[in-house]
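Please keep the sequence and the model in view while reading the points below.

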Amino acid sequence: MATTQPSQTGNRKLPERARIGRFLETWLGAPINGLEFVLNWVMVKPLRWFWRHLDSWSYRLEGMLLRQILSHTIFPFTLILSVYVGLKLVENGITSLTLLGFVLLPIIYGLYCAPLERLMPYSRKWLEGGNDSAVDIIMYFSGAFWSGISGLIVSALFIVGIVEALEPYGHDLWPDQWNPVVQVAMFILIKDFFRYWFHRALHEIPKLWRIHAAHHSVERLYWLNGIRAHPLEIISQAIFYAIPLALVQPTAEIALVAVILQLSIGIFQHSNIDLNLGWWEYIFSIGDNHRYHHYPDKGIGDSNYGGELIIYDILFGTFHNPRDERPHDNIGIGTAPEYPLTVAGLYIAPFLPNQKTVFARDEESESEVSAGEPRLQPAE
Ligand SMILES: [Zn+2]
Ligand SMILES: [Zn+2]
């Protein structure tokens, strides 16, 4: 595991010279900035103070058999439990209980993962993150809001007409008599094919990278910040998915179980729990795979694009996970050390002109991309 000192990460504002951005961030973003401040003091700080009491136990656990057993079993256990709970929740169709379970799920994952991150951290530096958790809570609700708006935008673009025309064919094609677990796996397999190419485009097309940079602005990985995404990424992905997914139409129950499974894989994609994932890392986009994806060095960071699965990266030659090393914890955007970290700043950043430091990937300066620090000590 990495062993650097606790981070002093603050809630950085836009660079001073981006005057228009700073003006908008300060004045138009004032209510959100206020909400961030309140959330941080009322919720994030007390919770972090509480979990910090587990730190002494984490040192005691190091080298113990119990830690080894947990590091091998936490992920498969959660995976199986998620599918089981998901299938139970939709056993009698989609009811209010299903929806309640669905809403409570992120809270349950948090109560489960936050203490485990403290007890067996991959990086001790990543345990402290300024007030980024307040930003991530707001980004979680912002993401849900923009997902809803995406549907309206798809309608406004008349894509919905094509989607509605194709859906009956999708329902006819879908093998709804097959075992539900196989159907869930098949749905994720198909959906992730599109996520792979969309995510790869976000990295390789400079204008799209501006939008996706918000996700890569994080300076630590922990269970909640996998959801950090700019609204334009959420909307453009919905438009990109709309037509192909109209031809992939499982029942609503299967789609819901798949979303629950995607949520649990997403937690382990960013989780700071030091897991021994073994061959799971050749199937899912989790653990070290995704840590490399967040490297500040473009040469390494432009890899491992899979949403839930990593198999398309293996298939299309973008897989990076050397057998004999583990990733360091100096992550972020190499060319944008001053990337804003407030919600308002994250919203505004892609639109600002002439921020060569922030958006160097857009221009000619790929060579300026920092190579990051040498990797830290491997996990025991
Ligand atoms: Zn990415
Ligand atoms: Zn990520």
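Does Asn304 count as buried or exposed, and how many C-beta neighbours does Asn304 have inside 10 Å? Asn304 has 27 C-beta neighbours inside 10 Å and therefore counts as buried. The model discussed here is predicted. The secondary structure of the protein comprises 15 helices and 0 strands.

**Overall organisation**

- The protein has 380 residues, of which 40% count as buried.

**The largest nonpolar core**

- The largest nonpolar core consists of 67 residues. Within this core, the residues with the most contacts are Val184, Ala213, Trp223, Val257, Ala258, Leu261 and Ala349.
- Two or more residues of this core come from each of α4 (65–89), α5 (96–119), α6 (132–156), α8 (180–204), α9 (206–216), α11 (252–270) and α15 (343–348).
- Helix α11 supplies the largest share of the core, namely 9 residues.
- Setting aside residues up to four places away in sequence, Val257 touches Val83, Gly86, Leu87, Val90 and Val184.

**Packing of α4 against α11**

- The axes of α4 and α11 come within 8 Å of each other and cross at roughly 160°. Because the cut-off for roughly antiparallel is an angle over 145 degrees, α4 and α11 are roughly antiparallel to each other.
- The crossing of these two helices is right-handed.
- On the α4 side, the contact involves Phe75, Thr78, Leu79, Ser82, Val83, Gly86 and Leu87. These residues meet Leu256, Val257, Ile260, Leu261, Ser264 and Phe268 of α11.
- The contact of α4 with α11 contains 9 nonpolar and 4 polar residues, and no charged residues.
- Leu79, which lies in helix α4, has 17 C-beta neighbours inside 10 Å and so counts as partly exposed.
- Leu79 and Gln262 are 183 residues apart along the chain, yet their C-alpha atoms are separated by 9.6 Å.

**Packing of α8 against α11**

- Helices α8 and α11 pack at an angle of about 65°, and their axes are 9 Å apart. This angle makes α8 roughly perpendicular to α11.
- Helix α8 passes α11 in a right-handed crossing.
- From α8, the residues making the contact are Pro180, Gln183, Val184, Phe187 and Ile188. Their counterparts in α11 are Ile254, Ala255, Val257, Ala258, Leu261 and Gln262.
- Sorted by class, the contact of α8 with α11 has 9 nonpolar residues, 2 polar residues and no charged residues.

**Packing of α8 against α10**

- Helix α10 covers residues 231–246, and its axis comes within 11 Å of the axis of α8, with a crossing angle of roughly 140°. The two helices are therefore oblique to each other.
- The crossing in which α8 passes α10 is right-handed.
- Lys191, Phe194, Phe198 and Leu202 of α8 meet Glu233, Gln237, Phe240, Tyr241, Pro244 and Leu245 of α10.
- The residues of the contact of α8 with α10 comprise 7 nonpolar, 1 polar and 2 charged.

**The loop between α13 and α14**

- Asn304 is placed in the loop between α13 and α14. The phi angle of Asn304 is near 50°, a positive value in a residue other than glycine.
- Most residues other than glycine have a negative phi.
- Gly306 is found in the loop between α13 (298–301) and α14 (311–316). With 29 C-beta neighbours inside 10 Å, Gly306 counts as buried, because the cut-off is 20 or more.
- Apart from neighbours within four places in sequence, Gly306 is in contact with Asp192, Tyr196, Ser285, Tyr312 and Asp313.
- Gly306 and Ile283 are 23 residues apart in sequence, and the distance between their C-alpha atoms is 9.9 Å.

Terms used: Residues numbered from 1 in each chain as written. Chains lettered and ligands numbered in written order. Predicted model: local features only at pLDDT ≥ 70, side-chain atom pairs only at ≥ 80, totals over all residues. Core = buried A, V, L, I, M, F, W, Y, C linked by C-beta atoms within 7 Å. Buried ≥ 20, exposed ≤ 12 C-beta atoms within 10 Å, placed from the backbone. Helix = DSSP H or I, 4+ residues; strand = E, 2+ residues; numbered from the N terminus. Contact = placed C-beta atoms within 7 Å. Axes fitted to C-alpha atoms, helices over the stretch in contact; angles between N-to-C directions. Parallel < 35°, antiparallel > 145°, perpendicular 65-115°, else oblique. Left-handed = near helix turned anticlockwise from the far one by under 90°. Nonpolar A, V, L, I, M, F, W, Y, C, P; charged D, E, K, R; others polar.
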